[in-house]
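Notes below, in the order I looked things up.

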Amino acid sequence: MSKLYADLAEVYAAMYTTFINYKAEYDFYSKILKKYHKNTLLEIGSGTGNLAAYFKENGFNYCGLDLSEQMIAIAKRKALNCDFIQGDMRTFKLDKQVQSIIMAGRTISYLVSNEEVNTSFLNIHHNLDKGGIFCFDFIDANKFIPAILKEKTIVHQATHNNINYVRKAVWEPNLKYGMDVKWEAKYYKNTPKGLIPLGEDSSVVRTFSKDEITLFLSINHFEIKDIIERASYAFPTFVVVAEKK
Ligand SMILES: C[S@@+](CC[C@H](N)C(=O)[O-])C[C@H]1O[C@@H](n2cnc3c(N)ncnc32)[C@H](O)[C@@H]1O
């Protein structure tokens with residue numbers, strides 16, 4: 001697992017609350033669930049629980065699932081009355097099927113091989129009711145890969161609780177078998193005396209084309225209802241809405 005969700009989970013929590021407008025994320029995803037009359041949801045990759053409280057407060061029957069114990073510990077602290085379970089999207093099994101599953105924040109990027117994508121989609125299919133909705137976002141390979149071939153380094157800053165965090169990252173595309181990207185990032189606290197290192201993270205993330213996602217969904221018995229273009233803080237993304245057939 002990426003160190004960002006383990007040793008650096010507190011740094012993630014601080015930086016991403018400034019990068020991402022979670023209220024806007026909630027508004028976006030809840031509107032889709034309401035359109036399909038879904039009131040019960042599992043959020044895969046629930047992270048530090050930023051969407052959980054919004055769903056709960058607004059009457060949804062919410063449960064979060066994440067691979068990382070550290071992320072779940074922070075989520076439980078933030079969203080006190082919400083349920084979170086530790087699990088892997090490739091293998092989890094709920095006691096009861098749910099009406100909808102969402103996966104935001106480009107969590108699908110961590111499924112690098114075709115086998116992992118297929119295993120996860122099939123498992124998600126098993127955990128949904130018939131007619132259930134699966135809604136997730138992914139990084140658009142057609143825009144992202146050409147952009148990072150031109151510019152491989154990126155610096156992000158975020159101020160949270162009066163601490164200024166700096167992230168210096170380098171993207172290295174690996175186009176050997178797919179549209180993967182190696183992401184090396186160094187995290188610092190910015191102080192009057194200079195940058196104090198907080199830690200480093202290295203991970204491989206996958207970007208997708210719309211055609212690939214369409215194929216993965218169709219071979220795992222989902223029907224695509226909508227594909228919505230939606231920029232996120234640093235990535236060109238699409239959000240897919242699919243129904244369990
Ligand atoms: C990019 S973060 C997104 C977190 C949150 N959705 C947000 O927007 O802030 C990805 C999350 O997915 C989790 N994750 C990665 N691989 C996973 C897997 N195989 N099963 C479940 N969760 C996973 C990580 O631990 C992390 O919390």
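This is a predicted model: local features need pLDDT of at least 70, side-chain atom pairs count only at pLDDT 80 or more; totals for chains, interfaces and linings use all residues.

**Entry 1: H5 against H7**

I started with the crossing of H5 and H7, and it is right-handed. I then checked the geometry: the axes of H5 (residues 114-126) and H7 (residues 210-219) come within 9 Å and cross at roughly 45 degrees. H5 and H7 are therefore oblique to each other.

Which residues make the contact between H5 and H7? From H5 I noted Asn 114, Val 117, Asn 118 and Phe 121, and they meet Phe 216, Leu 217 and Ile 219 of H7.

**Entry 2: Phe 121**

I followed up on Phe 121, which sits in H5. Is Phe 121 buried or exposed? Its relative accessibility is 0%, so Phe 121 counts as buried; the cut-off for buried is under 20%.

Next I listed what Phe 121 touches, leaving out residues up to four places away in sequence. I got Ile 108, Phe 134, Phe 136, Phe 216, Leu 217, Asn 220 and Phe 222. Phe 216 and Leu 217 are also among the H7 residues from the packing list. For Phe 222 I looked up the spacing as well: Phe 121 and Phe 222 are 101 residues apart along the chain, and their C-alpha atoms are separated by 9.0 Å.

**Entry 3: H1 against H4**

I went on to another helix pair. H1 (residues 9-19) packs on H4 (residues 69-78) with the axes 9 Å apart and an angle of about 55 degrees. That makes H1 oblique to H4. I read the handedness of the H1 and H4 crossing as right-handed.

For the contact itself I wrote down Ala 9, Glu 10, Tyr 12, Ala 13 and Thr 17 on the H1 side. On the H4 side they meet Gln 70, Met 71, Ile 74, Arg 77 and Lys 78.

I wanted to know which residues of H6 (residues 141-150) are buried. They are Ala 141, Phe 144, Ile 145 and Ile 148. Looking down the axis of H6, I found these buried residues within an arc of 95 degrees, so they line one face of the helix. On the face turned away from that buried side I found the exposed residues Asn 142 and Lys 150.

What covers the buried residues of H6? The cover includes strands E5 (128-139), E7 (163-174), E8 (180-191) and E11 (236-244).

I also looked at the start of H6, where a side-chain oxygen of Asp 140 reaches to within 3.0 Å of the backbone nitrogen of Asn 142.

Tyr 165 is in E7. Its relative accessibility is 11%, so I put Tyr 165 down as buried. Leaving out residues up to four places away in sequence, Tyr 165 touches Val 11, Ala 14, Met 15, His 156, Gln 157, Ala 158, His 160, Tyr 188 and Leu 198. I checked Met 1 too: C-alpha to C-alpha, Tyr 165 and Met 1 are 22 Å apart in space, and 164 residues apart in sequence.

Thr 237 is in E11. At 3% relative accessibility, Thr 237 counts as buried.

Key
Residues are numbered from 1 along each chain as its sequence is written. Side-chain values use heavy atoms; hydrogens and water are left out. Buried means under 20% relative accessible area, exposed over 50%, partly exposed in between (1.4 Å probe, protein chains only). Helices (H or I, at least four residues) and strands (E, at least two) are DSSP runs, numbered from the N terminus. The arc is that of the directions from the helix axis to the C-beta atoms. Contact means heavy atoms within 4.5 Å. A polar contact is a pair of N or O atoms within 3.5 Å; within protein, one must be able to donate a hydrogen and the other to accept it, and residues adjacent in sequence count only if both atoms are side-chain atoms. Axes are lines fitted to C-alpha atoms, for helices over the stretch in contact, and angles run from 0 to 180 degrees between N-to-C directions. Angles under 35 degrees count as roughly parallel, over 145 as roughly antiparallel, 65 to 115 as roughly perpendicular and the rest as oblique. A crossing is left-handed if the near helix is turned anticlockwise from the far one by less than a right angle, and right-handed if clockwise.
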